[in-house]
Amino acid sequence: MTLYDADTVDACAWPETPQARLARDYFVPLMKRGSTAFLSDRTTLRLLAMDDLRIPLAINEAEYGNSPLHSLWVRYIGLPVAAVTAETYGAARAVVMRGAMRTLGGMLKAARIDKCVYVDHWLVLRNLSAGLDEVQVERLTAFLVERFPGHAIVFPAINPANASPLLNTLAARDYGFVYGSHTRMTLPTHEVSRQVRENRRRDGRLLEAAGYRVVDGREMPDCAPRLRELYRSLNADKYHSTLDFTEEWFAWTLREGVFQYWLAVKDGRVDGFYATHISDDTVWSPLFGYDLSLPQELGLYRGLVHRLMQDALEVGLTIELGPGADPFKSLRGSQPVPRWTAYYVKHLSGFRQYAWRTLQRYVNGGVRPAANAMLRKIDGDGIVGFGPLTLPFTPPTGQTPREAARALREQVDALETSLESAARLEGEARLRALSPLSETLHNWPQPMRRVVALRERLTRLEQEARRKPAQAVASASVPPADQARQLLQDATRWGDTALVAAHVGEVPAPHLKALVESLRQATGSVGVVLTATRGDKVVLVTAASDALRGQGVDAGQLMAQAAPCVEGKGGGSPEVAWGGGSRADGIEAALTATRRFLESRLAGAVPSGGLG
């Protein structure tokens with residue numbers, strides 16, 4: 001295990017992992033320049049190499065002027081004290097509340113609550129928690145305690161939706177937990193109400209109606225000053241304790257592609273933007289801003305949030321929107337999720353350990369219930385994870401974002417396969433096969449590009465199927481002898497043997513019988529397997545010419561291969577066998593099975609010609 005600083009990090013070896021590449025390309029430049037070159041917070045950045053992991057550290061002494069990102073005191077004392085006003089709580093109650101919090105804050109400062117080593121701290125990025133096992137946690141903790149004996153060891157703001165295993169591993173190694181804050185997430189598998197869909201639909205029209213184009217930030221490489229201005233107007237100027245960024249930060253992250261920037265542009269002017277980063281199948285926006293001087297009726301905020309959500313949901317990923325504007329986000333289908341900060345202080349003095357336990361009781365017993373009550377008013381009683389702390393941790397979203405993305409891919413893959421199977425059918429059989437797919441695709445809970453493409457494919461297949469009856473009559477009007485000649489021309493051949501394996505659609509029984517007879521009378525070694533449909537039933541007929549029977553293959557053997565594929569049966573003479581089944585989606589499998597069977601019986605011959 002090795003600890004690197006700005007002067008030694010060039011000696012670090014970099015495993016070929018996404019986590020290591022991100023540490024090298026994103027975190028190391030910050031470490032070399034120092035935090036204040038890019039951020040308003042003052043912290044010391046280090047990189048820890050352990051096994052194939054490269055873990056960022058932020059080391060604080062007592063920077064009580066930092067943002068909540070790097071100051072527990074500001075998060076739990078400074079911000080709440082500022083939020084307690086006479087207008088909200090009444091004059092007398094506000095005085096008492098501020099006095100109690102300041103007393104607690106004085107004790108926390110005396111116990112140096114902000115003397116911490118923040119582990120796995122990627123600054124403004126989220127959902128990058130390393131998958132440490134118990135042995136790694138024990139090794140890492142012992143190493144940091146030895147190197148920083150006066151610091152608390154802190155894993156900040158862990159999201160149980162993404163990292164429940166890590167939280168449980170930390171609990172097993174004697175870490176305590178403090179409720180950190182809440183965020184908001186929408187998984188692509190979440191069901192949404194009709195009202196949510198309508199809200200999203202309206203939001204989706206706002207930017208275009210207001211005359212905005214959403215463009216890739218790389219198309220406007222000189223926009224960094226404007227991005228900083230928009231961010232500050234929404235964040236730093238409004239909240240004095242919010243993390244601020246330098247103009248160089250925006251220029252660097254835009255130029256190097258650290259984040260993907262999307263800009264709302266009108267008449268050549270950038271009026272809003274958001275940046276995104278993807279990790280653990282979750283899209284997170286570390287930066288967001290828009291021009292507050294513009295009329296709210298433009299819907300700039302609503303339009304940008306809609307696009308941000310679409311970025312994730314269209315490709316089947318989870319979107320994390322963070323806290324704030326909870327009623328608005330709830331009405332767009334987002335779910336509140338708690339974040340927990342894990343801490344280890346067993347190596348500190350008794351007084352400092354007591355201060356941490358006091359902070360834990362205050363936050364988990366006071367702040368958390370208040371957050372729970374507030375969110376229940378907005379999201380209802382169905383919220384998960386905001387009750388008293390219980391172990392083990394489980395994802396409050398039900399699935400993890402990674403599980404949701406995988407399940408969604410598998411579900412869409414299955415729909416695509418079913419759609420292709422239905423496409424091999426004709427007429428009413430195809431429409432019946434498409435019916436359940438249509439219901440699923442048209443009631444898909446989240447927008448998704450692949451689903452939109454499948455819906456369009458389904459519509460075309462339905463339109464084709466409704467035109468099939470007229471086409472079937474036309475096919476039946478072709479003389480059976482002419483159709484037999486065409487099928488023989490397209491047959492699969494092994495030397496002198498031909499196999500006609502084809503689906504002929506919905507044709508009258510006399511036509512089908514005459515067609516089979518024409519094929520059976522053909523010169524040479526010929527095998528026949530034809531499928532047709534009658535309503536929702538499959539008709540099978542197989543035949544073998546005299547020459548093919550002379551090679552040991554008859555119509556009954558061909559029927560034995562085809563019938564099970566359509567869940568049917570059949571029988572007849574060695575020359576001709578008839579059968580039927582109930583699985584129209586097995587027709588292609590039936591034709592393939594007979595091809596493979598005949599090929600195996602004629603092993604050694606080289607196939608040529610087309611497939612029937």
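Notes on the source. I am working from a predicted model, in which local features need pLDDT of at least 70 and side-chain atom pairs count only at pLDDT 80 or more, while totals for chains, interfaces and linings use all residues. Residues are numbered from 1 along each chain as its sequence is written, and side-chain values use heavy atoms, with hydrogens and water left out.

Aromatic pairs. I took rings of Phe, Tyr and Trp (its six-membered ring) as paired if their centres lie within 6.5 Å, calling planes under 30 degrees apart stacked, over 60 edge-to-face and the rest tilted. The count by this rule is 25 aromatic pairs. I looked at F38 and W249, an edge-to-face pair with 6.2 Å from centre to centre and 70° between the planes. F38 lies in the loop between helix 1 (18-33) and strand 2 (44-50) and W249 in helix 10 (residues 247-255), so this pair ties together parts that are 211 residues apart in sequence; helices (H or I, at least four residues) and strands (E, at least two) are DSSP runs, numbered from the N terminus. Both F38 and W249 are buried, where buried means under 20% relative accessible area, exposed over 50% and partly exposed in between (1.4 Å probe, protein chains only). I also found F38 and W249 in a cluster linked by ring pairs, whose members include Y26, Y231 and F273.

Second largest pocket. I recorded a volume of about 700 Å³, which is the space filled by probe spheres set on grid points joined across faces, edges and corners. A pocket here is an open set of points on a 1 Å grid over the protein atoms alone, where a 1.4 Å probe fits, with protein on both sides within 12 Å along at least five of seven lines, and lining residues have an atom within 4 Å of a point. The lining holds 25 residues, and Q19, N127, L128, S129 and R402 lie nearest the centre. Helix 1 gives the most to this lining, with six residues.
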